[in-house]
Amino acid sequence: MKRRQFVGAGSGVALAAAVAAVATAPAARAAQTDAAAAAGSTGVTVAPSDSRYPDLSSGMNQRWQARPDKIVLPRTTADVVTAVRDSVTAGKQLSVCSGGHCFEDFVFNADVKININLALMNDVTFDRAMNAFAVGGGATLLDVYEALYDGWGVTIPGGICHSVGVGGHITGGGFGNLSRQYGLTVDHLHAVEVVVVAADGSVRSVVAARDSSDSALRDLFWAHTGGGGGSFGIVTRFWFRTPGATGTPENLLPKAPSQVYATLTNWPWEKVTEDGFSRLVTYWGRWLETHNTPGTTAGSLYSWLMLNHRDSGSMGAVVQIDASLPDAAAVVSDFLAGMDQALGLSSATSRPSGVVDSAYTTTRLLPWLRATRYIGSISPTQLDPTTRGIHKSSHLRTVTPQRQIDAMYRHLTSTDGPSPLSGVVLSASGGRISSVSPTATAVAQRDAIMKANFESLWYDAKDDAKNIAWVRDAFRDVYGDTGGVPVPNGVTDGCYINYPDGDLSDAAFNTSAVPWHDLYWKGNYARLQQVKRAWDPQNVFHHRQSIQP
């Protein structure tokens, strides 16, 4: 099985003035950072001759390689300030890496001369001064899950792939198996520490919080709640506290479930008919559309539907639900039975977990952290750092239309020989996610009920053209009636910035009238541009699809 109305231009002047005021009266933390930077760096610098260089000059997707002059691994915010200052002074393009899972070449490409890798900044602690949990910008999701759970019994609703770095995941919104129950990661974000570059080239760190008294800082915070990474500065620290939460640390973030029902399904392609495929995709989407009320048991169930290419041998699903919720076993049993019945494969069997499974499903009652580690590692390709890949995404607001289902089926049963690790992965949205306004954070697609990830993974560069073509052709066919992309309308709702797709900004692949940035951010893009102009006026932090000033 395989597995991310607006104020006018005049307000920009006011915001720029506010930023200037912040620059003249830096916070105590920023002043301490500058003082520490002056005292000298404590980080690590890796040159091309260093034995570590081959490992650090690429991420998970082996299609993207870089040959930077140096790779800097800072240990402190002061180190990051120094590295950015060196880059600005030398006029060399920089990039920043958290976990290295970016699907596109935004971090590793031929233009990058200084790469700042945050891997050593991975502490997870409770900051009493901020009354919030502090997470280093280089921590992985598993670092966060383990530290928060072991220390306080709490968590954030982050992603399924636990080696992903928080830097990109959180700034893009952050979806995961607990998101229908608790919302997105950014719904629990309290503050960020960001290294920024002023118009005069000076470099400093600032702390921007949800409740900052300064409006410019509040805007900078907002931009990091879904604006994506690599556009405004380098986030060296995140602070988490659920809005309105009070009391001891154990009450400031969502409680992690004690136990969850974790289900894996596996349907052999030889048993799947075209009609059965259509009924399954329709049922899965209809169930999410019907059971979408925040705070209910069904509205908290999370599911991934893996529509793998026929050459893989099977399709599958992953389902998770908090076992303590009312009637959780019955809810998941009914959901599983409906998928089997849609395929015409019904053979109910009672299992020790208490959930009614079938010959094609297996449900286990597991402690939450054990289940999180398990689900995140059942597919070797999720964590395999030797694969090459291409990914495309869409948000859907309704059940997948029949024309799109038919197009998916054609490509999933094609005989053109793409990698067996090719397919379309549907993942649930809605529930608590939809309870937040599309302008409260930078994540605009709040009423979507699912996401789709068109993907292919392979190992050899000689197979690039074949697999890239398969994903491009499938995506263009499925969304052929809207210019080859999922334009925001009553059915589709654009794309997910954490599954970035360079083709969206290429007129050869996006023939719609909707520009790439509106596919990611819709009406929120204008405000993101305003923040970009105010906080990164030199456009120091940029890549192929960063916010344009």
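Helices α5 and α11 are roughly antiparallel to each other, a label given to angles over 145 degrees, whereas angles under 35 degrees count as roughly parallel, 65 to 115 as roughly perpendicular and the rest as oblique. The model is predicted, so local features need pLDDT of at least 70 and side-chain atom pairs count only at pLDDT 80 or more, while totals for chains, interfaces and linings use all residues. Residues are numbered from 1 along each chain as its sequence is written, and side-chain values use heavy atoms, with hydrogens and water left out.

**α5 with α11**

- Helix α5 (residues 141-152) packs on helix α11 (residues 368-375) at an angle of about 170°, their axes being 11 Å apart; axes are lines fitted to C-alpha atoms, for helices over the stretch in contact, and angles run from 0 to 180 degrees between N-to-C directions.
- Helices (H or I, at least four residues) are DSSP runs numbered from the N terminus, as are strands (E, at least two).
- L142, Y145, E146, Y149 and D150 of α5 meet W368, L369, T372 and R373 of α11, where contact means heavy atoms within 4.5 Å.
- This contact comprises 5 nonpolar, 1 polar and 3 charged residues, with Ala, Val, Leu, Ile, Met, Phe, Trp, Tyr, Cys and Pro counted as nonpolar, Asp, Glu, Lys and Arg as charged, and the others, Gly among them, as polar.

**α9 with α13**

- The axes of α9 (residues 274-290) and α13 (residues 402-412) come within 10 Å and cross at roughly 130°, which makes α9 oblique to α13.
- On the α9 side the contact involves E274, F277, S278, V281 and T282, and on the α13 side Q402, I405, M408, Y409 and L412.
- By class, the contact of α9 with α13 has 6 nonpolar, 3 polar and 1 charged residues.

**α8 with α16**

- Helix α8 (residues 215-223) and helix α16 (residues 525-535) have axes 10 Å apart and pack at an angle of about 120°, which makes α8 oblique to α16.
- A216, L217, D219, L220, W222 and A223 of α8 make the contact with R527, L528, V531 and W535 of α16.
- The residues of this contact divide into 8 nonpolar, no polar and 2 charged.

**Largest pocket**

- The lining of the largest pocket has 22 residues, of which S58, M60, S98, G99 and G100 lie nearest its centre.
- Helix α3 (residues 53-56) provides the largest share of that lining, 3 residues.
- The lining divides into 8 nonpolar, 12 polar and 2 charged residues.
- A pocket is an open set of points on a 1 Å grid over the protein atoms alone, where a 1.4 Å probe fits, with protein on both sides within 12 Å along at least five of seven lines, and lining residues have an atom within 4 Å of a point.
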